[in-house]
Amino acid sequence: MKQDKPRLSKAAIWNMSMGFLGIQFGFALQNGNASRILQTFGADVAHLPLFWLAAPLTGIIVQPIIGHYSDRTWNRLGRRKPYFLAGAILTALALVLLPNAGVMAALLPPIAIGAGMLMIMDASINVAMEPFRALVGDKLPDAQRSAGFSVQTFLIGLGAVMGSAMPYWLDHYLGVAKTDDPGVVPRNVVYSFYIGAFVLTATILWTILSTKEYSPEEMRSFEGDATATGNATSVTLQEAPLEAKRGLSTIFSDFANMPKAMRQLGLVQFFSWFALFSMWVFTTPAIAQFVYHTLPGDTSSSTYADASNQVNVMFGVYNGVSAVYALLLPVIVSKTSRKLTHALSLVAGGIGLISIYFIQHPAFLVIPMIGVGLAWGSILAMPYAILSSTLPPRKMGVYMGIFNFFITFPQIVNGIFGGMIEKYLYGGQPVYAVVMAGVFMLLAALSVMYVQDKEREVA
């Protein structure tokens with residue numbers, strides 16, 4: 001007999017997502033400082049997108065595999081929680097090692113070690129992060145999923161604010177040095193990564209210790225409380241042993257039979273994440289050259305350090321806005337629709353990125369980040385809220401992992417061609433890559449209006 005999943009308390013929803021705060025703390029440190037660290041170790045601006053390919057390349061491989069196996073993992077720790085723990089340990093180690101790549105210069109060039117640590121960090125973050133999306137589908141009934149993803153988005157924003165602002169706080173309030181010798185990562189960045197490793201580990205342990213996952217028997221009793229639509233079909237209990245024998249090959253058949261709404265969301269995600277990748281990669285050199293008027297290749301001057309700290313503040317602002325906006329999303333959706341909410345949010349982000357071109361005073365650079373924050377908050381919640389209603393319960397993990405393809409593929413495309421576009425089309429002016437990001441955000445807003453969403457969830 002089929003049973004409905006019980007509604008969870010607000011405290012339970014927050015506890016099950018707390019690990020996302022730590023994950024995003026570390027992710028924000030990477031986003032705000034990886035370009036700076038790699039440039040410190042000798043990377044050219046035009047080559048930065050190639051180094052940033054580590055994130056989407058690892059994600060496109062790791063997330064579907066982790067989703068596949070987390071759907072089938074049942075032990076004393078749980079179903080998703082073993083992956084939280086393994087990912088937390090590996091990510092914390094990478095956070096400690098990345099800014100210290102220069103210490104290991106006797107083994108390999110620092111730039112090679114830094115790029116390797118970046119790849120390890122990205123792979124580890126993916127191991128920890130992917131099951132959190134699936135956990136919402138596992139634990140919450142349809143009526144609470146918009147709220148569940150909104151809480152995750154709030155914690156993502158809060159963690160990102162903390163991570164983005166940490167180098168600035170250590171410099172301005174504790175006097176930790178913001179500059180160092182050429183080829184050496186400043187102390188305020190290094191200590192920020194240490195703090196990030198601690199916060200990430202502590203918050204994921206919070207989720208592991210405070211959240212109980214449903215047993216296989218309980219999950220079977222819920223089978224059918226959310227069914228797939230479109231071309232995707234749920235797996236019956238009789239088919240499960242056959243799927244288990246097929247192993248990873250089922251990922252390819254699942255990809256071919258994804259729900260129609262998932263395919264339509266793919267185009268929205270392509271434009272959105274192409275824009276985000278450009279923003280993360282090129283904002284630091286763009287602000288340094290276009291607003292602070294540093295010379296190309298300058299990575300050790302006090303002016304460049306000020307520009308880098310300003311970018312961390314900007315990223316902190318958009319993440320802070322996204323955190324607050326996430327809590328308002330269920331209310332806005334109830335008054336409009338998920339599609340319209342997402343489209344308007346993306347428009348705000350596009351306008352914000354384009355407007356950076358018209359700003360020459362650092363104090364005003366936080367204003368465009370308000371629009372980017374609205375877009376970021378919606379990107380982290382609305383596509384997943386639309387998607388989760390279309391997925392079969394037994395395949396929640398693998399489909400959330402497969403959905404990551406539509407996040408990683410545009411980043412790979414950008415990573416391959418973005419540097420060449422910036423160098424040859426834009427004449428080595430990274431600010432135009434940021435403007436291009438704004439245009440792509442507007443294209444995402446247009447494409448979301450063609451997604452079919454049945455609006456099954458309520459706030």
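**Notebook: surface patch and aromatic rings**

I looked for nonpolar side chains on the surface. Leu77, Leu85, Ile89, Leu90, Leu93, Leu205 and Leu209 form a nonpolar patch there, and their accessible area together is about 630 Å². I keep in mind that this is a predicted model.

Next I asked which elements give two or more residues to the nonpolar patch. They are α5 (81-97) and α8 (187-210). Helix α5 gives the largest share, 4 residues.

I found Ile89 in helix α5.

Then I turned to the rings. How many aromatic pairs does a search of the whole structure find? I got 25. I took one of them, Phe290 with Tyr357: the pair is stacked, with 5.5 Å centre to centre and 20 degrees between the planes. This pair links distant parts of the chain, as the two residues are 67 residues apart. Phe290 belongs to helix α12 (residues 260-290), while Tyr357 lies in the loop between α14 (338-355) and α15 (368-379). I also checked the exposure of Tyr357. Its relative accessible area is 30%, so Tyr357 is partly exposed.

Last, I looked for a charge over a ring. Lys139 lies over the face of Tyr214, 4.4 Å from the ring centre.

Key
Residues are numbered from 1 along each chain as its sequence is written. This is a predicted model: local features need pLDDT of at least 70, side-chain atom pairs count only at pLDDT 80 or more; totals for chains, interfaces and linings use all residues. Side-chain values use heavy atoms; hydrogens and water are left out. Rings of Phe, Tyr and Trp (its six-membered ring) pair if their centres lie within 6.5 Å; planes under 30 degrees apart count as stacked, over 60 as edge-to-face and the rest as tilted. Buried means under 20% relative accessible area, exposed over 50%, partly exposed in between (1.4 Å probe, protein chains only). A charge sits over a ring if NZ of Lys or CZ of Arg is within 6 Å of the ring centre and within 35 degrees of the ring normal. Patches are made of residues with over 30% relative accessible area and no salt bridge: like charges are joined within 9 Å, nonpolar side chains (Val, Leu, Ile, Met, Phe, Trp, Tyr) within 5 Å. Accessible areas come from the Shrake-Rupley method with a 1.4 Å probe; for residues, only the protein chains shown count as cover. A salt bridge is a side-chain nitrogen of Lys or Arg within 4 Å of a carboxyl oxygen of Asp or Glu.
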